[in-house]
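Let's take a friendly walk through this model together.

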Amino acid sequence: MLELNDIRTFYGPIEALKGITLKINQGEIVCLIGNNGAGKSTTLMAISGILKPKAGTISFIGSDISDMPPHSIVEMGISHVPEGRRIFPKLTVKENLEIGAYSRHRDHRLKARMIKAYDLFPVLKEREKQLGGTLSGGEQQMLAISRALMSDPKLLLLDEPSLGLAPIIVSRIFKAIQEINKEGVTILLVEQNAHAALNLSSRGYVLENGRIRMHGQGKDLLNSEEVKKAYLGE
Amino acid sequence: MNKAVSKTDSPIHRFTHSPFFIALWLALLFLPFKGLKAAGILFIVLFAAVSMLNMFKKYVGTMKGVFSDFKQYLLGRSRIKLPESKTRSIALTLLMSVVVMALPFYGHDYLIDIAVLSGIYIILAQGLNIVVGFTGLLNLGFVAFYAIGAYSYALLNTKLGMGFWASLPLSVMLVTLSGFILAIPALRLRGDYLAIVTLGFGEIVRLVLNNWDSFTKGPNGIGGIEPPNIFGMQISKLGHFYYFIIIFVLLAVFIIRRVSASRIGRAWIAIREDEIASSSIGINTTAYKLYSFAFGAFWAGLAGVLFAAKMQFVSPESFTFMESVLVLCMVILGGLGSIPGVVLGAIILVMLPEMLREVQLYRMLALGSGLVMLMIFRPQGLMGGKGVSFRG
């Protein structure tokens, strides 16, 4: 479904991604794990077009998207939940969701999708008229995910959905991710919380210093000595 | 990310908002002008006044509660129906429009003149409101578009002999185009850098107008510009021009309202609030920032044409950096992203300096300290726009 081929990106003179090659199949949950600065978020930004790669190609369902602007990539069916949630704090929950459907304005199923979002996270329905900024961290993350789903994506990019949240909320969010996946949305997940992420995913990639260190089935990576030592604190 | 903490509880806030501090601050401001004694008196007077104002505010607060209880009680007994708030607001609007529309019949020429100028500034400030208020792009050279509009009408009229109605669309199109041209390099930049580039653009335009003697007559300016014609009748009388301006103001407010409530307006607000989030939900940020610049420039150009037609004279002096700052003040005073607020801001900032003419030397000082006070007590402006978040 999505293929990255030898992607290189730069922040000024610093090479953040030194040739990333990865592949995601339809219906999978794939996670990227790695230390701070390994290039996990950068990879997501390269896919969603916020950061243009200097070299390499990205193809999505057969078409090359490496030169497309971010809004066209959203229209193609890739939705990005950025790190730190980035909801609109001064718009209400409902308005946040509505603006999430910006690229699908000719589509009349907006209402149905909003009902689906409220089904996924009922708490958002309760908070419908509240300003986004007044929600708790967990609720904001739920709102960010729902907002991304409003554009009816085929592939959802999630950047650290567990960031700064209480363990009980994290498990709630991870359960929701599984539910979203069951509805047919392919998911690429970036996580610091390697254990939970690998448990959830069918496959995983381990990034180190802008390169892919290893990759494999989620369970195999969980049991790998190297991953255990470096990322699971055992 | 969101600082939703109430600021009013912090010790710094309590100190800076105490009557003592406010009085001290203003007294120090006046010290160089009037000497120690006068500043001392000012301090005492201000201190007493602000303290009393605070007490009065509290008193009004409690009285309001008492009054509304009393009203409830009376209403319960007598069953008289008070007019509903909706009819009251309609009545207020009607009254205001009568006051505005009848101005040439009761006001003297000086007042009408200021009102006409207010109208031109309302259009100009609404244009800047699109760029700064809705889209959140700080433009410090906005007056350049105003200048291009005014000069294009002046030149088309005096050099080619084109009338008002023929030059208006041409001039406005030219300004919109220049908005696009500025936007293309400027939109690669953000925040402070964008502000500096627009500032530079404003100065370039002014300097070109000032130094291109053969074409713009340099600092002497261009005179003898024709006032507009309607059905062969020249609108040169002040009263007629007043109505002429009102039509354009209404048009500007109406169109900008419609656009800001549309998909485009939504996109602008989203970009102002968070650009990365906007592009990640599929808003073409580059295109919408470009539209915002061009649409803002469009109104500035219209204001420029009207200005040239009203004054029948243009010179580079009218388009200095201070003018950009003044228009920006109107937008901030009224409230970023609030259309009625910006109308109010423009009227106040045109009227106030005129009213303060009596205090002559201290005019700008009084105006400046007034603005500072406003920013302390109402940082969102007189009528804060919807969904504007304040950082810092």
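How many bridges join strand β4 of chain A to β5(A)? Two bridges do so, and the two strands, β4(A) at residues 55-60 and its partner β5(A), run antiparallel. Please keep in mind that this is a predicted model. Within this pairing, Ser59(A) has Asp64(A) of β5(A) as its bridge partner.

Now widen the view to the sheet around that pair. It is an open sheet of four strands of chain A, in the order β2-β1-β4-β5 with antiparallel pairing. The edges are held by β2(A) and β5(A) (63-64), and because each has a single partner strand, one side of each is left without a neighbour in the sheet.

At the other end of the order, strand β1(A) (residues 2-11) is joined to strand β2(A) (residues 14-24) by eight bridges, again running antiparallel. One place to look is Leu2(A), whose bridge partner in β2(A) is Ile24(A). Two residues sit between the strands of this hairpin, and there Gly12(A) takes a positive phi near 60°.

Step back to chain A as a whole. Its secondary structure amounts to ten helices and ten strands. The C-alpha trace spans about 45 × 40 × 30 Å along the principal axes of the chain. How does that fit with a globule? For 234 residues, a compact globule would have a radius of gyration near 17 Å, and chain A agrees because its own value is 17 Å. Of these 234 residues, 47% count as buried. Among the contacts in chain A with a separation of 6 or more, 66% come from residues 24 or more positions apart.

Next, turn to where the two chains meet. Chain A gives 24 residues to the contact and chain B gives 19 residues. On the side of chain A that touches chain B, the elements giving two or more residues are α2(A) (70-76) and α3(A) (93-100). The largest share, four residues, comes from α2(A). By type, this side of chain A divides into ten nonpolar, ten polar and four charged residues.

Finally, visit chain B and its helix α15(B), residues 339-355. At 1.5 Å a residue its 17 residues should span 24 Å, and the end C-alpha atoms agree because they are 24 Å apart. Its buried residues include Ile339(B), Gly341(B), Val343(B) and Leu349(B). The buried residues of α15(B) pack against α5 (109-134), α10 (238-260) and α14 (321-334) of chain B.

Note on methods. Residues numbered from 1 in each chain as written. Chains lettered and ligands numbered in written order. Predicted model: local features only at pLDDT ≥ 70, side-chain atom pairs only at ≥ 80, totals over all residues. Rg over C-alpha atoms; globule rule 2.2 N^0.38 Å. Buried ≥ 20, exposed ≤ 12 C-beta atoms within 10 Å, placed from the backbone. Contact = placed C-beta atoms within 7 Å. Expected span 1.5 Å × (residues − 1). Pairing = 2+ DSSP bridges. Nonpolar A, V, L, I, M, F, W, Y, C, P; charged D, E, K, R; others polar.
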